[in-house]
Amino acid sequence: MRRLTKKKALTLVKELDAFPKVPESYVESTASGGTVSLIAFTLMAVLAFLEFFVYRNTWMRYEYEVDKDFSSKLRINIDITVAMRCQYIGADVLDLAETMVASDGLKYEPVNFELSPQQRLWHMTLQHIQERLRVEHALQDVLFKAAIKAAPPAQSHSEDSSTSLNACRIHGHLYVNKVAGNFHITVGKSIPHPRGHAHLAALVSHDTYNFSHRIDHLSFGEAIPGIISPLDGTEKVSPDPNHMFQYFITIVPTKLNTYKVSADTHQYSVTERERMINHAAGSHGVSGIFMKYDISSLMVKVTEQHMPLWQFLVRLCGIIGGIFSTTGMLHGMVGFLVDVVCCRFQIGIYRHLKVNKSMIVNFELKPL
């Protein structure tokens, strides 16, 4: 009874076979079919290889929402070299509420403004990347994937550093309120004031003014190695002491989530402006470097995405099946056209056989 059941099940399964096998004696191999098969297999291999590279690649997804975090502090990462001695300049932040932020997190380091050959090479590389960023449309591939992982070469100090170092490197970080503010570097150390703050510029000789500067790094939020900020590598040289450099910065809170790093950072765009200050001609202002920043109310979520394995397999099956079916149809169509052109394909022609009565032979069966 069980054997009969198994036989019926096997018979039913065989009847459901959608891939019937054709005996090899009924299959005819041709040179054209072999050529088409070779082309099809080559295309399958090439497209499958390219599809594997697409599967390995990633892309960035951008989402926008309102930033609801107003109570936290904003971190400013600074690394700027000014062509003046450290005792002559001061850096601080004054926000929109006229609140002066203490600059205890900043360090003043005497250095040479001129770069060594190794530092100049690194700086030129950074400037070249910035030029590419200005013309590159797919910024996520360059901006959010590691561009420069190594730190810039360190400044080399000579033995007579007390007399030869003519510049000041201001580096470190500050925590400010998440409101618009003004970070500036100007003449004289800053002192608190009931209505804001003031700088002791009267104690500094006007002949020492020189606000030529180089911005090695300026970013907002958590410092992430590899991300290039818009002002990184900026270098400004001023021949006149009465010079004001202004940077108008718009900060966008960004939540970055990639396979390498997950952090809350702040990207920004910047507009530069510089002008000469001539008090005799009636112009107003103070010589120095001023960075006025404002924070956007929108937050951007940047997520790195990858093609799932099942989608890669489906696309791979589509490539193989599509090429196999397409080449089969093309081969049959070309063969049909060749047969029509060569007059070897005849259709609708019937040959009527005339049977003569004299050709009919009657057989009689006789009993043995």
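Reader: What share of the chain's contacts with a separation of 6 or more comes from residues 24 or more positions apart?
Author: Such residues account for 81% of them, where a contact means heavy atoms within 4.5 Å. Keep in mind that this is a predicted model: local features need pLDDT of at least 70, side-chain atom pairs count only at pLDDT 80 or more, and totals for chains, interfaces and linings use all residues. Residues are numbered from 1 along each chain as its sequence is written, and side-chain values use heavy atoms, with hydrogens and water left out.

Reader: How many helices and strands does the chain have, and what makes a run count as one?
Author: There are six helices and 15 strands.

Reader: Why is the link of cysteine 86 and cysteine 168 called a disulfide?
Author: The cut-off is a pair of cysteine sulfur atoms within 2.5 Å. These two sulfurs are 2.2 Å apart, so the pair passes. Cysteine 86 sits in the loop between strand S2 (73-82) and strand S3 (89-95), and cysteine 168 in strand S6 (residues 167-177), so the link joins distant parts of the chain, 82 residues apart. The angle about the S-S bond is 105°, and the link is right-handed. A search of the whole structure turns up one disulfide.

Reader: And what is a disulfide in general?
Author: It's a covalent bond between the sulfur atoms of two cysteines.

Reader: Is cysteine 86 buried or exposed, and how do you know?
Author: Buried means under 20% relative accessible area, exposed means over 50%, and partly exposed is in between (1.4 Å probe, protein chains only). Cysteine 86 has 10%, so it counts as buried. Cysteine 168, at 0%, is buried too. Cysteine 317 has 55%, so that one is exposed.

Reader: What makes histidine 331 partly exposed?
Author: Its relative accessibility is 31%, so it falls in the in-between class. Histidine 331 belongs to helix H6 (residues 309-341). Leaving out residues up to four places away in sequence, histidine 331 touches Ser32, Gly33 and Val36.

Reader: Which residues line the largest cavity, and what makes the lining nonpolar?
Author: Ile76, Phe183, Leu218, Phe220, Met291 and Tyr293 line it, since lining residues have an atom within 4 Å of a point. Ala, Val, Leu, Ile, Met, Phe, Trp, Tyr, Cys and Pro count as nonpolar, Asp, Glu, Lys and Arg as charged, and the others, Gly among them, as polar. The lining splits into six nonpolar, no polar and no charged residues. Strand S10 (213-221) and strand S14 (288-295) each supply at least two of the lining residues.

Technical notes. 1 Å grid on protein atoms, 1.4 Å probe; cavity = no way out; pocket = protein on both sides within 12 Å on 5 of 7 lines; lining within 4 Å. Helix = DSSP H or I, 4+ residues; strand = E, 2+ residues; numbered from the N terminus.
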